[in-house]
Amino acid sequence: MNTQFKKGVLNLCVLTLLKKKDAYGYDLAEKMAQSIEIAEGTLYPLLRKLKLDGLCETYLSERSAGPPRKYYKLTQKGIDAQRVLRDEWKTFSTNVNELMEENDDE
Amino acid sequence: MNDYLNKLEKSLRRMSANERKEIVADYREHFEIGLEAGKSIEQIIASLGDPSELAKMYTALGATNRAHESKGVKDTLHMLGAILRFKVGGGLLIASLYFAALSTMLAAFAAAVGLIGGGLAALGYAVYMFTQGYIAYGFLGIFAGLVLSSGGLLGFIANIKLWKLSVGNLTGVAHKIMQKRVTNNELDIDKG
């Protein structure tokens, strides 16, 4: 898949996954890798940046077996950012699709 | 797994010990969960990607945030180094502007210090003239000394404000560029 396409939607995808529910890094990495084929390791710098920018927070969740896991949770700022990106994406993708349908005869 | 984490930690040497620990812990957790889920070490390593590429990202990101927080010259120089090293767009322009602002400000500070020094010298001259009985020269010296040193002091204070405006804002601009470009555009996110 085109790398430039992926780069544009990374933040939107992560924010959307986190908006649905809090998640730990591995879980997010797996989901992201499935849908847009990224190297899973690159998700962690992205999550760190979201945290530094105040879009998400982290907390440790204890488990009955094994070490606690680090969960990511969207802040209000993160929810707002997701909404803005989502709307931009919807407009953008609709326009691109229309252009394709009108002009690509295949 | 430990090879991978060691390589990552080594490549993160420019980050603070705390940040390094946090980052390595994130990847350790990733390995542990992957192993629990039945994956092999090799599979996990392959899906994570090259640790030195990951470290570049963190280094650039970390340098930027430190510079943004402190706005200190040393941290900002680190950040500019990172911007240039990872060929972030606009890096060269920002670096040149920063150095231009830095050298102009240093010259302005030197001028202000020179004025203060001149003023102090004039005051010394006045004291000498008074002791020699040249009252008129003494007053002239006091006048010149007060004008020069107060001018220098005002200049110095203005320079501090200018410094914050120019050097501080450039740091902010560089920070924004880094934030926008590094994670989204310059990072090699593709599977190796």
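Start by selecting residues 2-11 and 17-36 of chain B: these are helix 1 and helix 2, and they pack at an angle of about 155° with their axes 10 Å apart. Axes here are lines fitted to C-alpha atoms, for helices over the stretch in contact, and angles run from 0 to 180 degrees between N-to-C directions. Helices (H or I, at least four residues) and strands (E, at least two) are DSSP runs, numbered from the N terminus. That angle makes helix 1 of chain B roughly antiparallel to helix 2 of chain B; angles under 35 degrees count as roughly parallel, over 145 as roughly antiparallel, 65 to 115 as roughly perpendicular and the rest as oblique.

A word on what you are looking at: this is a predicted model, where local features need pLDDT of at least 70 and side-chain atom pairs count only at pLDDT 80 or more, while totals for chains, interfaces and linings use all residues. Residues are numbered from 1 along each chain as its sequence is written, with chains lettered from A and ligands numbered from 1 in the order in which they are written.

Stay with the chain B pair and show side chains. On helix 1 of chain B, pick Leu5(B), Leu8(B) and Glu9(B); they make the contact with Arg20(B), Val24(B), Tyr27(B) and Arg28(B) of helix 2 of chain B. Contact means that C-beta atoms, placed from the backbone, lie within 7 Å. This meeting place has 4 nonpolar, no polar and 3 charged residues. For the classes, Ala, Val, Leu, Ile, Met, Phe, Trp, Tyr, Cys and Pro count as nonpolar, Asp, Glu, Lys and Arg as charged, and the others, Gly among them, as polar.

Next, bring in chain A. Here 23 residues of chain B are in contact with 23 residues of chain A. On the chain B side, helix 2, helix 3 (41-48), helix 4 (51-70) and helix 7 (135-186) each supply at least two residues, and helix 2 of chain B gives the largest share, 7 residues. Colour that side by class and you get 9 nonpolar, 9 polar and 5 charged.

Now select Val14(A), Met32(A), Leu43(A) and Tyr58(B), which have the most contacts inside the largest nonpolar core, a set of 35 residues. Such a core is a set of buried Ala, Val, Leu, Ile, Met, Phe, Trp, Tyr and Cys residues joined through C-beta atoms within 7 Å. Helix 4 of chain B contributes the largest share of this core, 6 residues. Centre on Met32(A) and look for Cys13(A), Val14(A), Ile38(A) and Leu43(A), which it touches, not counting residues up to four places away in sequence.

Move on to chain A by itself, with its 4 helices and 3 strands, in the order α-β-α-α-β-β-α along the sequence. Its helix 1 and helix 2 pack at an angle of about 135°, axes 11 Å apart, and are therefore oblique to each other. Zoom in on Lys6(A), Val9(A), Cys13(A), Val14(A) and Leu17(A) of helix 1 of chain A, which meet Leu28(A), Lys31(A), Met32(A), Ser35(A) and Ile36(A) of helix 2 of chain A.

Last stop: helix 3 of chain A. Of its 10 residues, 8 are buried, so this helix is largely enclosed by the rest of the structure. A residue is buried if 20 or more other C-beta atoms lie within 10 Å of its own, exposed if 12 or fewer, and partly exposed in between. The buried residues include Leu43(A), Tyr44(A) and Pro45(A). After helix 3 of chain A comes Gly54(A), with a positive phi near 80°.

Notes. Two residues are in contact if their C-beta atoms, placed from the backbone, lie within 7 Å.
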